[in-house]
Amino acid sequence: MANALFEEKLHSDEFLVTTEIGPPKGVDVSEMIHHIDILKDKVDAINVTDHQSSVMRFPSLGGCLLVKECGGEPILQMTCRDRNRLALQADLLLAYSRSIVNVLCLTGDSIDVGDHKEAKPVFDSDSVQLLKMIRTLESGKDVSGNDLKGVPKFCLGASVHPEADLIEPQLIKFEKKVAAGAQFFQTQGIFDLASLRRFMQYASQFDIKILAGIIVLASARMAKYMNDNVPGIIVPEAIIDELASVEKGKGLQKGIEIAAKLIRTIKEENLSHGIHIMAVGNESVVPDILEAAEVEVARH
Amino acid sequence: MIVAEQKPLPEIRRMISPYERVLILGCGTCMTVCDAGGEREVSFLHNALRVAQSKGGNEAHHFLESTLKRQCEPEFLEMLVDKVGEVDVILSLGCGIGVQAIAERFPDTPVLPGVNTSFMGISSEQGVWDERCAACGDCRLEDTAGICPVTRCTKGILNGPCAGTKNGKCEANKDMDCAWVLIYKRLERLGQLEKMRRYYPMRNFRAIPRPKRLVRTPVALGEDDG
Amino acid sequence: MYPSVSGNIQKYVVHRIGMPSRDRSFVPPCQATCPLHMDIREYVDLVAQGRIMEALQVIRGGNPFPSICAYICTHPCEESCRRSQVDKPIAIRALKRFALEFGGDRMIQVEARTAHSEKVAIVGSGPAGMACAYYLRNFGYPVTIFEAHSELGGMLRVGIPRYRLPRDVLDVEIQRLTRMGVEIRTNTRVVSLDLLFDMGYKAVFVTIGAHQSLRMGIEGEDSPGVIDGATFLREVNLGLKPSLGDNVAVVGGGNVALDAARTVLRLGARKVTILYRRSQAEMPADPAEVEQALEEGVHIQFLVMPTRIKRQDGKLNMTCIRMELGEPDASGRRRPVPVEGSEFNEEFDTLISAIGQAPQTPGDFRVRIGRGSTIQVDPATLSTNRRGVFAGGDAVTGPATVVEALAAGRLAASRIDDYLQHRYPSLDKGGRETLVGDLLPETVEMIRKIGRIEAPLLPAEARIKEFEPIELVYDWEAAVNEARRCLRCGMGAEILFQDKCATCLTCLRVCPYHVPYLDTMGTIQIPADQCQACGVCIAECPAKAIVLRKPYDRRHVTEELDHVLKSASESKVSPLIIGFCCQYGLFGTGTLANLWRVAKAGIWIVPVLCIAKVEADHLLRAFEIGAEGVFVAGCGEQCARENTVAWVHNRVQKARKVLSEIGLEPNRLQTYVPSATNAYPAEWLDGFVEQIGGLYLASVIMKEVKVDSR
């Protein structure tokens with residue numbers, strides 16, 4: 001199987017653009033397919049989230065299959081929350097067999113923030129261990145050391161949180177992810193470019209690509225809600241005020257502007273190797289953001 | 001210490017409803033300390049059930065009270081032999097261990113759990129208990145500055161904090177400390193941050209095949225002197 | 001798995017002891033210091049609860065003539081009171097007086113019946129003789145008191161001035177003795193004990209006091225115009241009015257000197273000066289009396305001693321010398337040493353010497369005399385060298401206090417009883433342990449500071465005009481509030497069932513005074529000398545291993561509740577409402593007094609000794625016995641402790657949860673504490689009653705509906 005398109009791009013100097021799609025809660029995938037269609041040519045790859053915020057949905061792997069069917073480049077988000085090492089490895093084997101080779105390795109949100117709070121949290125492994133697990137599969141063995149029939153090959157990503165209020169332990173973990181085999185990182189939502197700049201100054205020593213996470217906010221209310229309820233997100237007061245300043249119904253427009261401005265600056269000042277746009281339910285506006293930010297992905 | 005919480009009164013009433021003579025059995029050790037099933041709680045539950053009965057319930061129970069020093073030792077259970085003959089059911093305010101010990105000792109008498117056994121932990125202040133140990137059978141507190149990530153991190157992860165930590169608190173509960181922030185700070189204070197930089201492989205769950213049994217093998221005579 | 005454990009069971013079984021009925025409290029310092037060992041802690045607590053009649057009973061049980069002590073006791077109990085480590089000691093004597101006055105002591109009749117034929121003679125009718133007569137009569141012996149003077153009372157009659165002890169108080173006590181059947185022979189001086197035995201008396205108690213004044217031993221001591229203190233007081237007390245002139249000196253520093261000086265003022269002298277050879281700190285007189293004397297205008301010259309008296313032109317010219325304090329002497333006080341060349345002269349009209357008194361025992365008594373002319377006795381039995389002759393009081397001890405004399409009289413009565421019944425003297429074997437140890441600074445810090453409330457005094461100007469009693473009685477509220485300051489030493493909590501204690505540390509964490517601690521063996525200790533008996537740990541102990549040391553305290557709430565149950569079931573008034581109310585706030589202080597007064601039929605009040613002792617169990621039990629509504633009312637700001645109500649709130653919440661779980665309205669259980677916004681308990685109670693009435697009515701209607709629909 002040929003090397004994935006996305007991995008090739010990681011080795012180039014291109015400004016990379018990824019975005020993400022949340023699968024539906026249910027079996028009607030038509031809207032998701034619509035989103036894939038309008039996004040697949042505007043970005044380098046599309047993440048499919050894995051029960052994001054611990055809310056049960058159509059699976060990530062199924063979403064990736066749809067992206068593939070539609071001709072897009074999927075990134076499989078894989079969390080350790082719901083599957084033990086058997087299930088994780090099995091899903092990876094299936095993914096590879098269907099040419100899904102980009103995997104974003106995550107620990108996963110806590111069960112407590114989701115809609116199945118009574119469920120058993122699995123966390124048989126964490127994100128670092130998942131990266132190692134996948135590299136082990138690539139060596140032709142499963143994690144228990146048994147031989148595999150056929151050997152998979154993946155392009156591995158992980159996440160990092162440059163705006164964490166206590167950054168040092170996050171950096172320790174970041175280095176462990178690098179050591180475990182992560183090739184690219186999609187960061188948590190960035191609002192403060194100063195912290196991104198500080199992080200990049202440090203991260204540039206590693207042979208990896210950093211894609212700055214851009215969250216598209218649709219209203220001040222949403223921003224506040226995310227601050228309170230979504231793990232790892234810190235929207236600064238200034239941005240909330242900016243969103244609150246516009247008249248009702250124009251919030252999303254403002255959010256698009258904010259995101260586009262961030263992206264333009266990141267690109268102009270070379271603050272990262274690319275961006276990862278998280279539109280959280282407003283996937284259809286991603287092309288508008290890219291247009292406003294004057295970012296276009298290279299065609300192959 | 002084992003920490004538990006008394007079951008809600010309606011649940012207890014539902015459980016005992018088929019039985020007439022009920023022995024409310026307290027436990028003098030952990031359940032006393034965590035205020036879930038000591039002599040005071042036995043007496044309080046007894047009173048509560050009697051009030052329930054007198055205020056319009058259709059039940060007609062007879063209650064007996066007793067509190068053993070420990071329900072989880074067969075020797076202590078022997079003291080119950082006479083009482084058990086006089087009742088239809090034992091409502092145990094012991095932890096899950098006590099309930100099962102009673103079930104083993106008295107095969108012909110139903111036993112009901114009066115508490116929900118919650119965890120092993122410490123009392124950080126009067127009336128507040130915090131979980132501290134998950135009895136995972138594979139202790140790594142040496143590497144984590146004496147703070148257990150398996151117990152105190154909601155995800156039980158071993159290689160550092162997730163991105164959900166904010167203001168030193170956990171994403172699952174804003175009042176709960178992030179175990180990994182605590183570990184980081186303490187390792188830093190101890191000058192042992194290299195322990196955190198180390199990669200920790202996935203846990204070995206074989207360390208605790210359930211149910212677990214611990215057998216302390218006596219040292220054979222003479223083995224010591226080689 | 002465990003094949004043969006049952007054989008070993010006996011070894012493990014710990015037989016549970018039931019709730020003990022024994023008093024396990026320590027003897028508090030006040031009681032230990034009191035020569036009569038009066039149960040002071042108990043009656044002070046009863047006053048605090050407003051249970052004055054019961055307080056009076058306790059007082060009378062421990063003291064034959066409490067009304068006398070209420071006026072003139074030197075109250076060593078107050079000197080040893082541990083409250084002085086916090087602020088000031090409890091005003092025990094004044095509280096006793098309050099209990100006597102408000103409890104109606106004068107109305108109390110004491111009766112006695114003759115059960116023995118052996119007659120006992122008592123020589124002397126001072127407090128020791130009277131007490132001995134009182135108890136011997138109680139034991140059933142025929143008793144005769146022989147008194148040389150025309151009236152009974154000894155020093156109480158002829159020594160103590162009337163402004164300190166009103167004579168009607170003394171007369172009431174003497175009347176009681178007469179009513180009990182004590183034979184009294186006044187104006188009868190006993191000169192020989194043989195005669196008494198000849199008259200058929202089987203035992204004699206010699207209690208002739210110490211009436212002989214000591215001489216100063218200086219030149220001119222026998223001049224006209226020089227009189228000794230005892231004689232002076234006797235004359236005044238027996239109705240004479242000696243002429244003194246305008247300027248009077250009193251020599252001495254004891255209570256007699258003070259009594260004499262203040263009596264002189266009341267007789268109209270213009271100036272009275274006390275001359276004392278040491279400084280104020282060494283004065284043996286009661287400091288409060290010194291204070292009062294100074295207020296009234298008595299002059300005191302310290303470090304002065306007369307050396308010579310010369311009578312000139314109808315006046316006394318007295319030479320004095322100044323003194324300084326040297327090394328401490330045998331009594332521990334610093335010995336006064338004359339300052340050479342410091343002599344000076346002063347003129348007085350009269351000089352009263354009050355430097356001490358000694359007994360004067362007729363030689364025909366043939367009892368052995370020891371140091372200071374006192375009669376020698378075996379201190380354990382008060383028996384003299386003569387068979388059947390006992391002695392006590394000042395005649396044995398030299399001048400001492402009334403309460404010591406009363407104690408001696410009581411002891412003599414018991415020992416004479418033993419003697420007459422041919423019993424080996426039942427020596428005191430010691431009962432409960434005495435509490436020793438000071439309060440720790442940490443404990444003191446946590447105790448609410450409440451100043452001592454003094455009994456009111458007549459103003460000084462009014463006092464010196466007449467011989468009326470100068471100290472007034474507390475009013476009800478002041479007395480109750482003063483009594484509530486008592487720290488209840490030695491009756492606090494103890495871990496009675498160590499085998500039950502799970503060492504959960506609840507007591508250590510909940511104690512408002514930080515008293516319990518973990519010893520080095522890992523055992524919880526509740527030191528009795530620190531515990532303040534608030535009861536919080538007892539109500540919170542999850543193992544029920546802690547109890548109060550006094551049996552009554554242990555049972556109190558439960559018993560009161562049972563009592564209500566009995567009375568309420570007879571009354572059949574609906575709806576039944578039970579209130580746990582602070583007994584301290586229910587009566588005297590008046591915080592909750594309104595509650596008590598407005599409590600209507602159907603409302604039953606369970607008085608509790610601080611609502612912190614009400615357990616969640618008690619609340620549920622009230623409902624079980626049929627209460628439609630239950631409330632807990634605390635005294636609020638007046639509580640001797642901080643934050644009592646927080647504990648009650650917790651327990652109320654716990655019980656309320658049960659109520660809602662069984663389908664009863666949680667607001668059937670409420671807490672009331674007076675506050676700025678909710679200051680009127682009666683108003684609050686009316687609201688509560690109305691609310692419960694409504695709930696009750698609704699439930700009755702619902703029942704009828706159910707019956708109808710069947």
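How many residue pairs are in polar contact across the interface of chain A and chain B? The rule finds 17, with both residues at pLDDT 80 or more; a polar contact here is a pair of N or O atoms within 3.5 Å, where within protein one must be able to donate a hydrogen and the other to accept it, and residues adjacent in sequence count only if both atoms are side-chain atoms. This is a predicted model, with local features needing pLDDT of at least 70, side-chain atom pairs counted only at pLDDT 80 or more, and totals for chains, interfaces and linings using all residues. Residues are numbered from 1 along each chain as its sequence is written, chains are lettered from A and ligands numbered from 1 in the order in which they are written, and side-chain values use heavy atoms, with hydrogens and water left out.

As for salt bridges (a side-chain nitrogen of Lys or Arg within 4 Å of a carboxyl oxygen of Asp or Glu), the count between chain A and chain B is zero. The largest share, six residues, comes from α6(A).

The area buried between the two chains is about 2600 Å², that is, the accessible area (1.4 Å probe) lost on putting them together, summed over both. Carbon and sulfur atoms give 58% of it. In chain A, A:Gln129, A:Ile172 and A:Lys176 lose the most area to chain B, together 22% of what that side buries.

Methods: Helices (H or I, at least four residues) and strands (E, at least two) are DSSP runs, numbered from the N terminus.
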